[in-house]
Number of protein chains: 2
Amino acid sequence: MKEFRFKCWVEEDGEKIFGPGPVELLRLIEKEGSLSKAADKMKMSYKKAWDMVKRLNEHSEDPLVILKKGGSHGGGAQVTAHGIRVMAEFQSIQDELKKVLESQQDFLQKLK
Amino acid sequence: MKEFRFKCWVEEDGEKIFGPGPVELLRLIEKEGSLSKAADKMKMSYKKAWDMVKRLNEHSEDPLVILKKGGSHGGGAQVTAHGIRVMAEFQSIQDELKKVLESQQDFLQKLK
């Protein structure tokens, strides 16, 4: 079956500052309540996930994630209300893009 | 400056069969009238470009490119009328996606 695929992200001066990777990390943090568990599920190092959270927070009006103190990899992680809004809005933008592509099935008929 | 970026392509059973790379190749073939010149401009080997054209033609109702016989890398290459329609339609789909994203500037304000 032929289908459209797309990827959408936000850049600033050529640097990716938001997109599907960060959204997946936020979703997992929300679900797991822990950055190390979220990193594990994404098969990403704790360090890389931590850097991503740091960068995301730096690029956001208000923090998207709050890390709570604990042991070395301990403590919890929480997606803020602002983070949840940002995720939801990004999802709705992706849904819009999907709708546009679903309305373009004619194009797929030109391919085989 | 923050901006949305996106990529859109067509897959069949997980294989990419159309997208920005093929469109660029088609554009260059149209401009250069030659597959080897088009491949050069894309810094792609002639073999890779030839394979791409072959795959594109196989995945299209009608051929997108016609290769004319000539020397080893010689002969001309021509984008068919069908190819031009496909390129134009893909461009217009991308324009639609761009329009959706341009209407979502509010989201960018949530990032900084």
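Mentor: Start with what a contact is: two residues count as being in contact if their C-beta atoms, placed from the backbone, lie within 7 Å. Keep in mind that this is a predicted model. By that cut-off, 30 residues of chain B are in contact with 30 residues of chain A.

Trainee: Which elements build the side of chain B that touches chain A?

Mentor: Those giving two or more residues are strand 1 (2-12), strand 2 (15-18), helix 4 and helix 5 (105-110) of chain B. The largest share, 11 residues, comes from strand 1 of chain B. Sorted by class, that side of chain B has 16 nonpolar, three polar and 11 charged residues.

Trainee: How do you know that the two copies are related as by a two-fold rotation axis?

Mentor: Look at the superposition. Chain B can be laid on chain A by a turn of 180 degrees with a shift of 0.0 Å along the axis, and the RMSD is 0.0 Å. The two copies are therefore related as by a two-fold rotation axis. The same surface also serves both of them: 100% of the contact residues of chain B recur in chain A.

Trainee: Which residue of chain B comes closest to the rotation axis?

Mentor: That's K7(B), whose C-alpha is at 2.6 Å.

Trainee: What makes strand 1 of chain A and strand 1 of chain B a pair?

Mentor: Bridges. Two strands pair if DSSP finds at least two bridges between them, and here strand 1 (residues 2-12) of chain A and strand 1 of chain B have 11. So these two strands pass the cut-off, and their pairing runs in the antiparallel sense. You can see it in the partners: W9(A) bridges to R5(B), while R5(A) has W9(B) as its bridge partner.

Trainee: And how do you know that strand 1 of chain A and strand 2 of chain A pair?

Mentor: By the same test, which asks for at least two bridges. Strand 1 and strand 2 of chain A have three, in the antiparallel sense, so they count as a pair. Within strand 2 of chain A, E15(A) stands opposite E12(A), K16(A) is the bridge partner of E11(A), and F18(A) is the bridge partner of V10(A).

Trainee: What lies between strand 1 and strand 2 of chain A?

Mentor: Two residues, and the two strands form a hairpin. In the turn, D13(A) has a positive phi of about 50 degrees.

Trainee: What makes strand 2 of chain A and strand 2 of chain B edge strands?

Mentor: Four strands form an open sheet, 2(A)-1(A)-1(B)-2(B), with antiparallel pairing. Strand 2 (15-18) of chain A and strand 2 of chain B each pair on one side only, and that puts them at the edges. Neighbouring strands of this sheet are turned by 60 degrees against each other on average, direction ignored.

Trainee: Which residues meet where helix 1 and helix 4 of chain B pack?

Mentor: On helix 1 of chain B they are V23(B), L26(B) and R27(B); on helix 4 of chain B they are G83(B), M87(B) and F90(B). By class, that contact has four nonpolar, one polar and one charged residues.

Trainee: What about helix 1 and helix 4 in chain A: at what angle do they pack?

Mentor: About 130 degrees, with the axes 11 Å apart. Helix 1 and helix 4 of chain A are therefore oblique to each other, and they pass in a left-handed crossing.

Notes:
Residues numbered from 1 in each chain as written. Chains lettered and ligands numbered in written order. Predicted model: local features only at pLDDT ≥ 70, side-chain atom pairs only at ≥ 80, totals over all residues. Nonpolar A, V, L, I, M, F, W, Y, C, P; charged D, E, K, R; others polar. Least-squares fit on C-alpha atoms with pLDDT ≥ 70 in both. Axes fitted to C-alpha atoms, helices over the stretch in contact; angles between N-to-C directions. Parallel < 35°, antiparallel > 145°, perpendicular 65-115°, else oblique. Left-handed = near helix turned anticlockwise from the far one by under 90°.
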